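The exercises below are worked through one step at a time. Keep the sequence and the coordinates open while reading.

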Amino acid sequence: MEDAKIIPGVERQLKNHTNLRVTLSNSWTMAYRGLLKLRRNPEQLFDVTFQPLIFTLMFTYIFGGAIAGNVHNYLPIIIPGILIQTVITTSVVTGVQLREDMDKGVFNRFRSLPIARISPLSGALLADMVRYAIASVLTFSTGYAMGYRPSSGVAGMLLSSLLVIAFSWCVSWIFAFFGVISRTASSVQGTSLMILFPLTFLSNAFVPTNTLPGWLQTFVNINPISHLVNAVRQLTNHGVIGHDFWLTLVGGLIIVALFAPLTVRMYMRKA
Amino acid sequence: MIVPNSVKENMIKQENTPLAVEATQLMKVFGDNRAVDGVDLYVPTGMIYGVLGPNGAGKTTTINMLATLLRPDGGSAKIFGHDVEKEPQVVRQLIGVTGQYASVDETLSATENLIIFGRLLGLNRNEARRKAAVLLDEFGLTEAAKRPLSKFSGGMRRRLDLAASLIAQPPLIFLDEPTTGLDPRTRTQMWDTIRRLVKNGSTILLTTQYLDEADQLADRIAVIDHGKVVAEGTPGELKTTVGNATLQLRLANTKDATNAAKIIQNSLGVTPQSVEAAFITAPMADPDAITDLLIALRGANIQLTEVSVQKPTLDEVFLTLTGNPAVEKGAK
């Protein structure tokens with residue numbers, strides 16, 4: 001044992017709350033933990049590495065001719081769509097992994113430590129942004145390899161990526177919520193996909209909206225994903241920050257405003 | 001069954017040192033199973049306190065409530081005077097918890113685990129790294145430090161788990177069945193570690209289902225069964241509560257047996273039993289009466305080759321106190 005004698009419990013001056021600095025520091029450490037785990041388990045990166053490659057190739061060659069006449073003309077339409085679909089899909093993993101983590105023994109230790117209660121959750125959400133970044137880079141790279149040359153260049157792609165990462169972070173609160181309330185990791189996956197598919201496919205990500213029946217158009221037009229897709233297309237193809245950019249941010253913030261308190265509340269009850 | 005009404009008074013009177021744990025009528029109900037059904041625990045600072053009980057007796061549930069992992073459904077508990085429900089975050093700064101199942105990250109290495117816990121406890125990067133190295137060295141894990149935990153043996157995992165609980169040098173350490181599933185050698189190592197911790201000023205509350213472990217380590221023991229404390233005291237006290245010690249005499253000459261039996265009957269007022277002709281045993285209620293007996297035996301010129309006192313073992317204590325199997329209630 002170390003030489004230092006242990007300070008008796010009754011002689012310690014202690015506080016019963018954690019301040020913001022500690023909360024941020026704890027979240028940061030938890031995010032670091034998430035990244036370490038990612039490095040130890042690279043197969044966790046399969047979805048963010050292969051999905052961008054496969055989806056981009058697949059969708060572009062399948063729909064290219066039908067929708068835009070040829071593959072090259074389809075790229076400016078499909079790449080933003082694939083980017084968003086891939087990154088948002090990646091955010092489902094947040095909830096699944098959170099559930100798995102909460103079922104593990106190490107979570108009991110976190111709960112017995114004098115740390116900010118929220119930090120395992122906030123850390124996980126923070127670490128997953130790295131996954132979104134990887135997916136973004138890979139999608140744009142695949143597109144580039146296929147001949148995608150957006151007019152606004154790297155700056156547009158960079159800003160688009162940041163927007164998509166930020167929005168996915170907002171959406172990941174939905175999946176974190178399912179992660180917190182579900183009993184098993186597989187049920188998190190199931191519920192999340194039921195939310196994910198309508199959200200991403202019932203949008204303008206892959207097809208022009210005017211080919212859809214009227215009632216569907218109504219949904220597609222209010223779907224925040226559609227605004228995100230528009231915002232990214234405007235950014236990459238025209239170098240413009242349009243009003244869809246701001247609508248997307250507002251949409252994301254609404255999701256956070258709805259789901260963050262719910263998730264945190266349910267999480268605190270269990271954690 | 002012995003129900004100690006005077007347990008509380010005894011314990012509080014006995015020690016002037018502040019209490020590390022003070023739990024009164026602690027209660028936890030899962031469905032219709034009263035897992036913990038009014039447990040009183042008073043653990044003075046600076047000792048190893050054993051909570052002994054069969055599987056499903058409510059030991060882990062009790063620890064989880066004391067460690068702020070579970071909310072009690074009734075009663076109250078204080079750690080160094082801080083209420084576990086009102087000041088959980090203060091309590092967490094005073095305790096280290098080593099659970100029954102290794103509460104470390106399986107995918108990470110031992111060093112990474114300790115560094116992360118150190119960082120969470122407010123150490124900076126260098127301090128956390130240094131602390132991790134020191135602890136790994138102390139627990140003989142330096143060689144395995146970089147391996148992922150999935151390659152660790154049960155004993156190594158337990159040691160790492162305990163090391164992780166010591167990063168903040170907490171004055172109170174909860175050990176939930178620290179040696180369950182360990183081989184005898186590793187078990188002894190764990191016992192040594194636990195004893196060293198107490199020397200440095202920690203208080204330890206450990207649960208166990210092994211009597212010899214409680215006997216070896218604990219200064220005081222609470223026996224729990226069906227969510228209730230059924231006995232409390234030092235290992236010695238517990239043994240005497242079960243019953244009397246047994247006096248064992250071996251005679252030099254077998255022919256003295258009848259005479260010796262008569263003298264025992266007169267001196268102790270009990271009927272002795274002969275296991276074999278020259279070997280006599282008798283329940284010993286009052287040690288002082290033994291002096292009379294021995295003088296009387298000398299007076300009758302009866303020679304003895306062996307005199308011994310057999311104290312009841314903790315096994316007997318345990319069986320007497322927890323006579324009904326714990327599974328009876330369907331407790332899990």
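**Exercise 1. Strand pairing in chain B**

How many bridges join strand E1 (residues 19–30) of chain B to E2(B), and do the two run parallel or antiparallel?

Solution. The model is a predicted one.
- Step 1. Take the pair E1(B) and E2(B): nine bridges join them, and the two strands run antiparallel.
- Step 2. Look at one position in the pairing: Phe30(B) stands opposite Asn33(B), a residue of E2(B).

**Exercise 2. Make-up of chain B**

Solution. 
- Step 1. Count the elements: chain B has 12 helices and 14 strands.
- Step 2. Divide the chain: domain 1 covers 7–240 + 320–329, and domain 2 covers 252–303. The C-alpha centres of these two domains of chain B are 47 Å apart.
- Step 3. Take the extent along the principal axes: the C-alpha atoms of chain B fill a box of roughly 80 × 45 × 40 Å.
- Step 4. Turn to burial: of the 332 residues in chain B, 46% are buried.
- Step 5. Consider contacts in chain B between residues at least 6 apart in sequence: 71% of them join residues at least 24 apart.

**Exercise 3. Make-up of chain A**

Solution. 
- Step 1. Count the elements: chain A comes to 10 helices and zero strands. Along the sequence the pattern reads α-α-α-α-α-α-α-α-α-α.
- Step 2. Take the extent along the principal axes: the box filled by the C-alpha atoms of chain A is roughly 75 × 40 × 35 Å.
- Step 3. Turn to burial: 44% of the 271 residues of chain A count as buried.
- Step 4. Consider contacts in chain A between residues at least 6 apart in sequence: 79% join residues at least 24 apart.
- Step 5. Check the confidence: the average pLDDT of chain A is 88, and 98% of the residues score at least 70.

**Exercise 4. Helix H2 of chain A**

Where is the kink in H2(A) centred, and which helices do the buried residues of H2(A) pack against?

Solution. 
- Step 1. Locate the kink: H2(A) bends by about 35°, centred on Ile62(A).
- Step 2. List buried positions: Val48(A), Pro52(A), Thr56(A) and Thr60(A) are buried in this helix.
- Step 3. Find the partners: the buried residues of H2(A) pack against helix H3 (71–102) and helix H5 (119–145) of chain A.
- Step 4. Look past the helix: Gly69(A) follows H2(A) and has a positive phi, near 90°.

**Exercise 5. The interface**

How many residues of chain B are in contact with chain A, and which element supplies the largest share?

Solution. 
- Step 1. Count both sides: 41 residues of chain B are in contact with 30 residues of chain A.
- Step 2. Name the elements of chain B that each supply at least two residues: helix H3 (88–92), strand E6 (95–98), helix H4 (110–120), helix H5 (125–138) and helix H7 (184–199).
- Step 3. Pick out the largest share: H4(B) gives four residues.
- Step 4. Sort this side of chain B by class: 22 residues are nonpolar, 12 polar and seven charged.

Methods: Residues numbered from 1 in each chain as written. Chains lettered and ligands numbered in written order. Predicted model: local features only at pLDDT ≥ 70, side-chain atom pairs only at ≥ 80, totals over all residues. Domains from an automatic or database assignment. pLDDT = per-residue confidence, 0-100. Buried ≥ 20, exposed ≤ 12 C-beta atoms within 10 Å, placed from the backbone. Contact = placed C-beta atoms within 7 Å. Nonpolar A, V, L, I, M, F, W, Y, C, P; charged D, E, K, R; others polar. Bend = angle between axes of the 7 residues up to and from the residue. Pairing = 2+ DSSP bridges.
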